[in-house]
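Please look over the sequence and the 3D structure below. The briefing that follows covers the chain as a whole, then some of its helices, then some residues in loops.

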Amino acid sequence: MQADQDERKLFVLHSSVLIHDPSAIFRFQEHDVFLAFSVLDRLANGNHLSTEMMQNARQFNQFLDELVRASSSQGLQQGIPLLDYSLAAKIDSNCRGKLHFQTEFLSSQLPKTLPKNSQDNEILETILALKTQNQSAQVVLVSRDISLRIKAGILGITAQDYFNASALEDIDLLYSGSLHLTAEFWDSDCQFRTWTEKSRTFYRIESEQVRDWYPNQYIVSTASPEFEAYVMSVEGKTALLAKLENYRTESTWGITALNADQNFALNMLLNPDVDFVTLLGNAGTGKTLLALAAGLQMTMEENRFQEIIMTRETVSVGEDIGYLPGTEEEKMAPWMGALMDNLELLGGGNQTDSWKKSSTQDVLMSRIKLRSINYMRGRTFQNRYIILDEAQNLTVKQIKTLITRAGPKTKLICLGNLAQIDTKYLSATSSGLTFAVDRFKRWKHSAHITLMRGERSRLADYASLNL
């Protein structure tokens, strides 16, 4: 988090920040950090939290325990220098502030309309009192709870989100995975050469602008010369490109690409040199269908993978239906409706013979395993094709846990729609999927594409744009 050099600040941390990042107290550079009693109470009584959030709360309490045990009672009154903690310098070398605890009851004149038994209102009351006592420093509330920040603003309290939790300042800055070259590009100072080698067409472009290109980026030229290609490598101001295979006419497990973005997605999904693929897009753009078709092609026909593993975060859109009986796969079945819908299409949905249709489905399901994301820690998947659906609902920690499960000869596909995040305290800029797209864009064995055009139906396409 950027520090304001002109004014010292006192950041009051809400529990929503600490259960997201246990090391948050070390990320405010030279500014001081304040912890209210209401926040410590919420962390101590974390039964309402998810498993991951409870782990983060326990980790933070361990940090506090070591800090408190190493400090005298006088040090607790005056504030604990955060840089004295060994972890502080590893996280931020500019961590020069102090950690202050609420050591007494701080009263303020809260509006009578605010109930006193609310933990959020208690922290607002504490901040109003701190503002009165600390005239020399600006008191700032840091919270991931939008409702709390709104209430703080109404009361005249400066409030902000925890910026360290975001990969980008604005989601519009997220890497799209594609680039369109117009006539203006070719009119600039650039050199272009093309040749064919072993039935593949390659392009070499020399220009200052290619320094900003990324490996496996989709490049389409809409002006002469016209082509669709992907970046194989970038060295200085020289980029080597390879022409895309045309999957608009060539079938992949019975389906063909319906637009340019889908064609590029199939190229990357079927590329043996790409180990990690992220597909973003609204509902109906074909993310799951493309990933599953490519997986079946490489598993059933080419034998490049032993089996397909499909998993997703089990976040409900509406009210939870409660515990589900059965095995792991039976419990996951209600969450995998998208898999079954696409399998019906890929497995011969147009067959009139019900027996043939059923037997085809059984053969496909013998190579597809449904796995719960809750039991992934500690596992290693070798020679597997893994599809992670609804990845926008994962935190950075969760998606890191899943990606690091990949063993030799394993390919991981992450699918998601950043406009449909159902996890509390997550936003488009702080989603683990956003971090994955941003951090992997420079790696030569990863690819990303944003699918823009809906292909499910005209009804679904209109609803995505207008509802």
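Helices (H or I, at least four residues) and strands (E, at least two) are DSSP runs, numbered from the N terminus. This is a predicted model, in which local features need pLDDT of at least 70 and side-chain atom pairs count only at pLDDT 80 or more, while totals for chains, interfaces and linings use all residues. Residues are numbered from 1 along each chain as its sequence is written, and side-chain values use heavy atoms, with hydrogens and water left out.

**The whole chain**

- The protein chain has 16 helices and 18 strands.
- Of its 467 residues, 50% count as buried (buried means under 20% relative accessible area, exposed over 50%, partly exposed in between, with a 1.4 Å probe and protein chains only).
- Among contacts in the protein chain with a separation of 6 or more, 69% join residues 24 or more positions apart (contact means heavy atoms within 4.5 Å).

- S15 is part of helix α1 (residues 15-18), and it is buried, with a relative accessible area of 4%.
- Apart from its neighbours within four places in sequence, S15 is in contact with V39, R42 and L43.
- Helix α3 (residues 51-69) has 19 residues and reaches 27 Å from its first C-alpha to its last, close to the expected 27 Å (the expected span is 1.5 Å times one less than the number of residues).
- The buried residues of α3 are E52, M53, N56, A57, F60, F63, L64 and L67.
- Seen down the axis of α3, these buried residues fall within an arc of 140°, so they line one face of the helix (the arc is that of the directions from the helix axis to the C-beta atoms).
- An α-helix has 3.6 residues a turn, so residues three or four places apart point the same way.
- T51 and R69 are exposed on the other side of α3.
- N61 also lies in α3 and counts as partly exposed, at 31% relative accessibility.
- From C-alpha to C-alpha, N61 and L18 are 9.7 Å apart in space, although 43 residues apart in sequence.

**Helices α9 and α10**

- The axes of α9 (residues 260-269) and α10 (residues 287-301) come within 10 Å and cross at roughly 35° (axes are lines fitted to C-alpha atoms, for helices over the stretch in contact, and angles run from 0 to 180 degrees between N-to-C directions).
- Q262, A265, L266 and L269 in α9 meet L290, A291, A294 and M298 in α10.
- By class, this contact has seven nonpolar, one polar and no charged residues (Ala, Val, Leu, Ile, Met, Phe, Trp, Tyr, Cys and Pro count as nonpolar, Asp, Glu, Lys and Arg as charged, and the others, Gly among them, as polar).
- Twelve of the 15 residues of α10 are buried, so α10 is largely enclosed by the rest of the structure.
- N303, which follows α10, has a positive phi near 55°.

**Backbone features in loops**

- Most residues other than glycine have a negative phi, and most peptide bonds are trans.
- N216, in the loop between β9 (200-206) and β10, has a positive phi of about 60° although it is not a glycine.
- N216 is buried, with a relative accessible area of 5%.
- W253, in the loop between β12 (238-243) and α9, has a positive phi near 50° and counts as buried at 18% relative accessibility.
- The peptide bond from S224 to P225 is cis, with omega near 0°, and P225 is found in the loop between β10 (218-221) and β11 (227-235).
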